[in-house]
Amino acid sequence: MAPLEGLRVNSERLWASLMALAKIGATAKGGCNRQALTEEDRRGRDLFVAWARDAGCSVRIDEIGNIFAVRSGDEPHAPAVLMGSHLDTQAMGGRFDGVYGVMAGLEVIRTLNDLGVRTRRSIEVASWTNEEGCRFAPAMLGSGVVAGVYDLAFAYSRKDRAGAELGQELARLGYLGPVPARRRPLHAALEVHIEQGPVLEESNTKIGVVTGIQGAYWLDVTFEGVAAHAGSTPMELRRDPWRVACPLIETAYEIAKAYAPWARATIGDLKISPGSRNTVPERLVVSVDLRHPRGDTLKSMVEQFQSEAARISSANNITARVDEIWHMPPTDFDAHLIELVDGAAQALGLSRRRMVSGAGHDSLHTAQFAPTAMIFVPCAGGLSHNEGESASPEDLAAGADVLLQVAVKALMSERQPGKSRSHSSGRLHHGPGRSQREARSRCFP
Ligand SMILES: [Zn+2]
């Protein structure tokens, strides 16, 4: 172990790999359009597979097109250390979201090769299929199938806007593999990713030690009033659903403020009927997205919102019905791996802070069956899902250095880090026994 202390990746090679992949699907504004299972995605996959083979890895493709580049350890049957993310992008995506996690994993393998380091456990780099969910909903599908959140038939039947089915596209591109897409023992699952938010940059911090992924509730609130003429109906005789909708929307923001700084409330969609400028509406349907990293707090937020909806609607003689559309409990990462990430950043002299991911990642699914942790690095202006997405070669190398250190520690370890993991307890919403209907709604961009 001692000679590996302070070991770093080759940052030029990491950057060159990222830039080579960025050319596949490059957009005019400097971003990337490499949507899942398009020609561009195939070229990106082919390049990754070629590089993995050059690095001495064997390559396994599973039934949902996930790619695993495997560098065998001395004990090939010991659970492996997996690193990875995704190669697909949004339609107007950036050059770093996802691809960084895959290339950093490959860079770890290349660095170990440079030094001739043998490891006890095998090391794998995963590229998960259809993480973004922009061509085929839901997002994080490949990792979700492996975790047992979605079944294979459901995944194959997903259609894009033109009607192309995901299963057929996999076969067409030559990425419908033979390896069963299901859970298997992993010693650790690690994902390094750009933050996709402004916190690290604004606090001038190099490494985000990610402790989990926040939970979310999606609610639809339906306000029923009575349609009426905008001119001839006196104000006091109207049953206008806005009179309840406005204060209730304000309530959502107040709840987020009450649970600051971690709570989030977003009113992202509104349907109004009949939708006429000279008619008092009969019905409004407002979407409410509430998030918090702690399950009990998130539950209180939702309960407060529901009781306020009941109170305001009874006081105003307008019904406000709250329907729960989707719920994702918070994901807690493995406590031992979190400590390893923290310790590695400290040992490398990198500033760090603990944080919860605001966005969904494939790690959300690996955390359901393997000790999992994530490492964040800053991205310029917090911008992501945007062609202008940008990160510095130094910051990207720093994140990969931390990944390397954590992977090496996990690779050499005899101990199963999952002793303290929380993914096996209290996760009643997550098991493979969940209904398909619930599974279908699990798209979490
Ligand atoms: Zn991503």
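This briefing covers a zinc site, aromatic pairs and charge–ring contacts. The model is predicted, with local features needing pLDDT of at least 70 and side-chain atom pairs pLDDT 80 or more, while totals for chains, interfaces and linings use all residues. Residues are numbered from 1 along each chain as its sequence is written, and side-chain values use heavy atoms, without hydrogens and water.

**Zinc site**
- His86 (NE2), Asp97 (OD) and His193 (NE2) coordinate the zinc ion at 2.0 to 2.2 Å.
- Donors are N, O and S atoms within 2.8 Å of the metal (3.2 Å for Na, K and Ca); water is not among the atoms, so sites may look incomplete.
- Along the chain, the donor spacing is H-x10-D-x95-H.
- Aspartate 97 and histidine 193 are both buried (under 20% relative accessible area, with exposed over 50% and partly exposed in between; 1.4 Å probe, protein chains only).

**Aromatic pairs**
- The structure holds four aromatic pairs (ring centres of Phe, Tyr and Trp, its six-membered ring, within 6.5 Å; stacked under 30 degrees between planes, edge-to-face over 60, the rest tilted).
- One of them is the stacked pair of tryptophan 15 and phenylalanine 96, at 5.8 Å centre to centre and 25° between the planes.
- Tryptophan 15 is partly exposed, at 25% relative accessible area, whereas phenylalanine 96 is buried, at 0%.
- Tyrosine 150 and phenylalanine 154 are also stacked, 5.6 Å centre to centre with 25° between the planes, and both are buried.

**Charges over rings**
- The charged end of arginine 45 sits over the ring of tyrosine 175, 4.9 Å from its centre (NZ of Lys or CZ of Arg within 6 Å of the ring centre and within 35 degrees of the ring normal).
- Arginine 110 has its charged end over the ring of tryptophan 51, 5.2 Å from the ring centre.
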